[in-house]
Amino acid sequence: MRGHAWKFGNNIDTDLIIPARYLNTSDPAELAQYAMMDADSEWVDKMSKGDFIVAGDNFGCGSSREHAPIALKAAGVSAIIAKSFARIFYRNSINIGLPILEAPQAAEEIKEGDEVEVDLAAGEIKDLTTGKAYRAQPFPAFMQKIIDAGGLINYLKRNN
Amino acid sequence: MPQTISQKILAKHAGAKSVEPGQLINCKVDLVLGNDITAPPAIKEFEKIGVSRVFDKKKIYLVPDHFTPAKDIKSAEQVKVMRKFAHKYGIVNFFEIGCMGVEHALLPEMGAIKAGDLIIGADSHTCTYGALGAFSTGVGSTDMAAAMATGEVWFKVPEQLKFVYRGKLPKWVEAKDLILYTIGQIGVDGARYMSLEFTGPVISKLSVEGRLTMANMAIEAGGKNGIFEPDIKVFQYLKSRIKNLNSSFVIRNSALRSDPDAEYAKIYDWDVSELEPQVAYPHLPSNVHPVSKNRHIKLDQSVIGSCTNGRIEDMRVAAKILKGKKVHPDVRLIILPATQQVELRMIKEGLMEIFIKAGAAVSTPTCGPCLGGHMGILAEGERSIATTNRNFVGRMGHPKSEVYLSNVAVAAASAVLGFIGSPEDLK
Ligand code: SF4
């Protein structure tokens, strides 16, 4: 996957990713319109399908709303690269099949607008603008199985 | 291997003797919870799994509370999805208007939670139930769906943090201040993926309600769960709510304590005798300052309620301060009893009259403004003090509004003062 980087800071909370005032629906397409609304109200119009979010520490802290990763996935974000993720957001992303990569150095060095390429299976991140390559933290085998199945529900179906 | 109370509960539900931090385990759950925001997507996912029944009709709790009574057509549709699902699968514990409450206040109050339980809820503040000696944590909708089908959930065993509080709490300093102070010290990711265990002489003296307030905000430090060893107060609390709670349960679970030589990633030990009421400034719960720091923060609103501070004990504190006083003309004071039972007690104890005479608006139980849903949304540039648990950008309304978090006494006193202050400033 290939796209441009959009940089966000530390502690990007789920209220910034999808404000609660839009949570009276769980329709992904509708939620996508409001993704990152309170962090940058024009972001959804500026970004292109396939782009990456590159953020600091504790991305996705706050509420358990799965609407947050759903909104980002539906908006067309191909993966999130961060220094670290909040616990429930991490779980939710794996469960719904939104790729997340914990890669502190990449998150630090990649600049807004850089062209980025990610090889998920290998856990490799390349900044094509600077030519630098990074490696993401590998997932434990069990989580990798959920990811490979395309999320927790598919994984359960397969193993039932 | 010596174990903490959190590890013991996890091990028991995983069918293991002991567990180690970092280990991935599969656990049986005692209760699965969802609300009007998180349950509808969970139901959609559940239907995809292709099972014909839920794992246990009595162990699933569905509580529409965030946008209820339905604030608009879309929210009404969400609750309709829950109601239909509850009927279809014979789910007993579905709480409609008239018997509902904010989920994390309602479940302990009705005796749904026991010491030693393992609980998941599709709501981040599910960590509240650690106050009763349960291992309880928030998950997302897909995890909830999977647990409704299988009765199981996977966990990575968290590392343990221990917090010891010593000394004597000064006047007007509440459990809320202990937890705000704690988050201020360690930061919003200071306990990321970890267990927080609260202990010490100050905690033993704290009411069960106060412990619920503290455990509630474990997630604000990034924690997986917050927990207290169950003591006599907890067993009394449980006995008054759970029919047929037998003495063998009490004996068995009184032994539910952390081993003295259990391992902690870090131990914090604080004397809190000099602690002032704490206020978390925008836009992070960790941005805490003592209440006396700034006396010029003017307010447009004060909100008393939520799963953090909407219980009867909180209402009594608010009434003590508001009795015979008037809310400042520039301030709107909104009081939200967390459950129907709290509201009923408010009427019986005469608190309702005190609030209304003071010029407060009292609502039916709902999350309402706590998450910027309804019932007290802020306009651009407005500022509210609140006894809730989050002050993120846009949390109570306009992205350019501000939320300050405090205990009940400060929120009530500030509503009268018109600026952020303590009950002492009213004299
Ligand atoms: S009261 Fe606030 S924090 Fe508690 S469950 Fe409701 S919205 Fe969440």
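Analyst: The largest pocket of this predicted model has a volume of about 520 Å³. Among its 23 lining residues, B:Val173, B:Glu174, B:Ala175, B:Leu206 and B:Glu313 are the closest to the centre. Pockets and cavities are found on a 1 Å grid over the protein atoms alone: a cavity is a set of points where a 1.4 Å probe fits but cannot get out, a pocket is an open set with protein on both sides within 12 Å along at least five of seven lines, and lining residues have an atom within 4 Å of a point. Grid points are joined across faces, edges and corners, and the volume is the space filled by probe spheres set on the points.

As to conventions, residues are numbered from 1 along each chain as its sequence is written, while chains are lettered from A and ligands numbered from 1 in the order in which they are written. Because the model is predicted, local features need pLDDT of at least 70 and side-chain atom pairs count only at pLDDT 80 or more, whereas totals for chains, interfaces and linings use all residues; side-chain values use heavy atoms, with hydrogens and water left out.

Four helices of chain B each supply at least two residues of the lining of the largest pocket: H6 (175-186), H7 (201-205), H8 (208-216) and H12 (312-322). H12(B) gives the largest share, five residues. Helices (H or I, at least four residues) and strands (E, at least two) are DSSP runs, numbered from the N terminus. By class, this lining has eight nonpolar, five polar and 10 charged residues. Ala, Val, Leu, Ile, Met, Phe, Trp, Tyr, Cys and Pro count as nonpolar, Asp, Glu, Lys and Arg as charged, and the others, Gly among them, as polar.

The domains of chain B explain where the largest pocket lies. Domain 1 (5-15 + 23-247 + 263-271) and domain 2 (279-422) of chain B both give residues to its lining, so the largest pocket lies between them. The domain bounds come from an automatic or database domain assignment. Taken over C-alpha atoms, the centres of domain 1 and domain 2 of chain B are separated by 23 Å. In domain 1 of chain B, 37 residues are in contact (heavy atoms within 4.5 Å) with 34 residues of domain 2 of chain B.

The largest cavity also draws on these domains, with at least three residues of its lining from each of domain 1 and domain 2 of chain B. This cavity has a volume of about 220 Å³. Of its 21 lining residues, B:His66, B:Asp123, B:His125, B:Leu371 and B:Arg395 lie nearest the centre. Helices H4 (103-109) and H11 (306-309) of chain B each supply at least two residues of this lining. The lining of the largest cavity divides into seven nonpolar, nine polar and five charged residues.

In total, the structure holds three cavities of 30 Å³ or more. The second largest cavity contains about 70 Å³ of space. Among the residues that line it are A:Asn58, A:Cys61 and A:Arg87, together with B:Arg192 and B:Ile219. Its lining has four nonpolar, five polar and two charged residues.

Next comes the second largest pocket, which holds about 400 Å³ of space. Nearest the centre, out of 23 lining residues, are A:Tyr90, A:Glu102, A:Met143, B:Lys156 and B:Tyr193. H5 and strand S4 (100-102) of chain A, together with strand S7 (152-156) of chain B, are the elements that give two or more residues to this lining. Its residues divide into 14 nonpolar, two polar and seven charged.

Helix H5 (residues 87-96) of chain A has a further partner, helix H7 (residues 141-149) of chain A: their axes come within 7 Å and cross at roughly 45 degrees. That makes H5(A) oblique to H7(A). Axes are lines fitted to C-alpha atoms, for helices over the stretch in contact, with angles from 0 to 180 degrees between N-to-C directions; angles under 35 degrees count as roughly parallel, over 145 as roughly antiparallel, 65 to 115 as roughly perpendicular and the rest as oblique. From H5(A), A:Tyr90, A:Ile94 and A:Asn95 meet A:Met143, A:Ile146 and A:Ile147 of H7(A).
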